[in-house]
Amino acid sequence: MTDDMTDVVAEEVGRETPLSERIEAILLIIDEPIGLVALAAAVGSPVAAVRQTIETLVDDYDGKGQGPRRGFELREVGGGWRLYVREDHDDVVAEFVGGQAPARLSQAALETLAVIAYKQPVTRSQVASIRAVNVDSVVRTLLARGLITELFADSETGAINYGTTDALLQHLGINSLDELPPISPLLDDGADGFDEGTIR
């Protein structure tokens with residue numbers, strides 16, 4: 001390699017965004033925990049380098065580096081990593097979000113809430129599949145209103161499963177989900193498109 005080519009390569013490397021910044025950019029936009037392999041693919045770096053950077057970021061956010069402890073933390077949940085507000089600040093965040101929430105739910109939020117109520121535990125992608133639309137912002141709204149909650153993360157995929165809260169029962173004036181009206185009479189029995197005794 002000539003000296004000129006070496007200078008060009010060195011200049012390109014020098015311009016490359018630091019790995020920690022690329023990882024933070026991905027972590028800020030994800031809605032569900034992301035595994036190391038997927039994160040490494042997203043930022044175009046080896047898994048070992050991503051793992052080391054994640055460990056450094058965890059220490060940095062926890063105030064173990066030179067800077068102060070942050071109001072958020074990087075947590076491993078269900079085999080993946082995601083940014084979370086620290087529990088110390090749950091009250092202030094809940095108060096802020098509650099103050100920003102509109103008095104009434106939109107039609108989209110009501111439909112999404114109904115799907116979660118009847119299908120729980122259910123993942124965001126399952127809800128989106130049923131409604132045939134993206135439900136990310138609606139799920140965030142329902143979480144902020146305290147009507148749904150994260151129940152658990154799938155051990156294989158890391159996908160968060162959602163369910164309803166006691167706050168929803170209070171708003172509906174019922175004591176348990178068993179008191180929800182049966183939905184079966186409203187649904188197609190699925191017989192259309194099938195010949196008797198034959199599945200096509």
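## Helices and strands

The chain has nine helices and five strands. Both are DSSP runs, numbered from the N terminus: helices (H or I) need at least four residues, strands (E) at least two. Along the sequence, the pattern reads α-α-α-α-β-β-α-α-β-α-α-β-β-α.

This is a predicted model: local features need pLDDT of at least 70, side-chain atom pairs count only at pLDDT 80 or more, and totals for chains, interfaces and linings use all residues. Residues are numbered from 1 along each chain as its sequence is written, and side-chain values use heavy atoms, without hydrogens and water.

## Burial and contacts

Of the 200 residues in the chain, 29% are buried (under 20% relative accessible area, 1.4 Å probe, protein chains only). The chain exposes about 13,100 Å², and carbon and sulfur atoms supply 53% of that area (Shrake-Rupley method, 1.4 Å probe).

Take contacts (heavy atoms within 4.5 Å) between residues at least 6 apart in sequence. Of these, 45% join residues at least 24 apart.

## Two nonpolar cores

A nonpolar core is a set of buried Ala, Val, Leu, Ile, Met, Phe, Trp, Tyr and Cys residues joined through side-chain atoms within 4.5 Å. The largest one has 20 residues. Leu113, Ile116, Val127, Leu142, Ile148 and Tyr162 touch the most other members. Helices H6 (107-119), H7 (124-131), H8 (136-144) and H9 (166-172) and strand E5 (160-164) each give two or more residues. H6 gives the largest share, five residues.

Val127 is in contact with Thr112, Val115, Ile116, Val122 and Val135, leaving aside its neighbours within four places in sequence. A second, separate core has 18 residues, among them Leu19, Ile26, Ile30 and Val43.

Definitions and conventions
Buried < 20%, exposed > 50% of the residue type's maximum accessible area, 1.4 Å probe, protein only.
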